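Please keep the sequence and the 3D view open while you read.

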Amino acid sequence: MRQVLANRTYRHLFLAQVIALVGTGLATVALGLLAYQLAGADAGTVLGTAFAIKMVAYVGVAPVATALANRLPRRTMLVCLDIVRAAVALLLPFVSQAWQVYVLIFVLQAASAAFTPTFQATIPDVLPDEKDYTQALSLSRLAYDLESLLSPMLAAALLTVVSFHNLFAGTAIGFLASAALVVSVVLPSPKASERLGIYDRTTRGLRIYLATPRLRGLWAVQAGVAAAGAMVFVNTVVLVQSVWGLGQTDVALALAAFGAGSMVAALALPQALERLPDRPVMLTGVAVLVLGLAVGPLVNGLHGLLALWFVLGLGYSTAQTPSGRLLRRSAHPEDRPAVYAAQFALSHACWLVFYPLAGWLGAQAGLPWVFAVHAAAAAVALVLAIKLWPADDPEVLEHTHRALPASHAHAQDAQARPEGLRHAHPFVVDDLHGHWPRPER
């Protein structure tokens, strides 16, 4: 991984991501404690609603923001969004009612919905080599794990000397430091694409995504990930403080155990992905999540929860980390921002279902039912992923153009046949390839 960090542009972007995510992790812990302060035993309902609002922002804003930002300099856009996020973080300590949390969370996450796909789509342009990009994906996963592991540990230490309200200041500092690091490098401009209307630009990524079998399978994988992740992020504070009567530090430790499992998987994945295809690795990750959720009702006490959250972290990272490789191979460079935005929106649509379900079902029926329902949902997602994502998924596909003229530049190597012009090349959905080719019988 030293090779990719030798690239100055990527190194600064990676550090920006790490620092911003550590700050975000502090906010995650603080938000849970704020919800408990406002609602007590009903904190799961408040958190579930807040996270659902977050997902509404992600699903609704990401494709539109990406379409509108297609003509803007990436660096300017990323810096401005970091500043907006820092400003919102500074306001969160002053809220006194749940509705104020909901409004600020929507603004914060709308900015993140525009920031994250743009950031993710920049990395393949900075690191065009496949091996370097794979390493960068694992480093990116590690960055997210720092949010889950180091941020709760840092929060636990800080909570011994300051109020949890002060953790939001750490979040603002993280976003401002991220902005400074982005300013320090020159980012590659996206390859210009033909001018399209706002509707076409907004929906282009979704159309490419849903027409690609491996990406439809990826969406199912993301549903399994969301089922497990929502249980962890919404109900950790309820289990630890409300059910078992433990303290705020124990909440942070439980979230850190989840992050530790995710980090272990992320460290092991680069070598594993050199030998194994993405599909079996990601499906194994979802299977681990199903099994972990299924045994969840048997856990009684902090030590058992730490072990379970560690296992769920392993499955969470294993299922998610290779997704960037699938997105990269499924779109032309000029379409990648739109496809990353589609992935961002569709994956978070899954979280939009499971976040409120985890909170509201826990409040109404109890946490054993949340474990059971989310385990069943993850199992269904695993079956769908197996069916939607073909086991035979080559990059180069032979296909026929039925209406393309023989004089077209794309058809220079094609063979004329009664049904049309036939040739083979690395296949992605685009203007000339609107549908995935059916296998020959």
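The expected span of a helix is 1.5 Å times one less than its number of residues. Helices (H or I, at least four residues) and strands (E, at least two) are DSSP runs, numbered from the N terminus. This is a predicted model, in which local features need pLDDT of at least 70 and side-chain atom pairs count only at pLDDT 80 or more, while totals for chains, interfaces and linings use all residues. Residues are numbered from 1 along each chain as its sequence is written, and side-chain values use heavy atoms, with hydrogens and water left out.

**The chain as a whole**

The chain holds 16 helices and 3 strands. Buried means under 20% relative accessible area, exposed over 50%, and partly exposed in between (1.4 Å probe, protein chains only). By that cut-off, 57% of the 441 residues of the chain count as buried. A contact means heavy atoms within 4.5 Å. Among contacts between residues at least 6 apart in sequence, 82% join residues at least 24 apart.

Let us start with helix H4 (residues 74–91). Its 18 residues should span 26 Å at 1.5 Å a residue, and its end C-alpha atoms are 27 Å apart, which agrees. The buried residues of H4 include Arg74, Asp82 and Arg85, along with Met77, Leu78 and Leu81.

Helix H15 (residues 336–365) has 30 residues and reaches 42 Å from its first C-alpha to its last, close to the 44 Å expected. Of the 30 residues of H15, 21 are buried, so the helix is largely enclosed by the rest of the structure. After H15 comes Gly366, which has a positive phi, near 105°.

**Helices in pairs**

Axes are lines fitted to C-alpha atoms, for helices over the stretch in contact, and angles run from 0 to 180 degrees between N-to-C directions. Angles under 35 degrees count as roughly parallel, over 145 as roughly antiparallel, 65 to 115 as roughly perpendicular and the rest as oblique. A crossing is left-handed if the near helix is turned anticlockwise from the far one by less than a right angle, and right-handed if clockwise.

| Helix pair | Angle | Axes |
|---|---|---|
| H2 and H8 | about 165° | 8 Å apart |
| H2 and H5 | about 160° | 12 Å apart |
| H12 and H13 | roughly 155° | within 7 Å |

For residue classes, Ala, Val, Leu, Ile, Met, Phe, Trp, Tyr, Cys and Pro count as nonpolar, Asp, Glu, Lys and Arg as charged, and the others, Gly among them, as polar.

Helix H2 and helix H8 (residues 167–183) pack at an angle of about 165°, which makes them roughly antiparallel. Their crossing is left-handed, and the contact of H2 with H8 divides into 17 nonpolar, 7 polar and no charged residues.

H2 and helix H5 (residues 98–126) pack at about 160° and are therefore roughly antiparallel to each other. H2 passes H5 in a left-handed crossing. Among the residues that make this contact are Leu31, Leu34 and Leu38 of H2 and Phe119, Ile123 and Val126 of H5. By class, the contact of H2 with H5 has 11 nonpolar, 3 polar and no charged residues.

The axes of helix H12 (residues 278–295) and helix H13 (residues 302–320) cross at roughly 155°, which makes H12 roughly antiparallel to H13. This crossing is left-handed. Gly285 and Gly292 are among the H12 residues that meet H13, where Gly315 is one of the partners. The contact of H12 with H13 has 12 nonpolar, 4 polar and no charged residues.

The contacts below leave aside neighbours within four places in sequence.

Val232 lies in helix H10 (residues 213–243) and is buried, with a relative accessible area of 0%. Val232 is in contact with Leu255, Phe258, Trp309 and Leu312. The C-alpha atoms of Val232 and Leu312 are separated by 8.7 Å, although the two are 80 residues apart along the chain.

His12, in helix H2 (residues 8–39), counts as buried at 14% relative accessibility. It touches Leu181, Ser184 and Val185.

Asp132, in helix H6 (residues 130–148), counts as buried at 13%. Its contacts are Gln3, Val4 and Leu127.

His425 sits in strand E3 (residues 420–426) and is buried at 16%. Its contacts include His399, His410 and His433.
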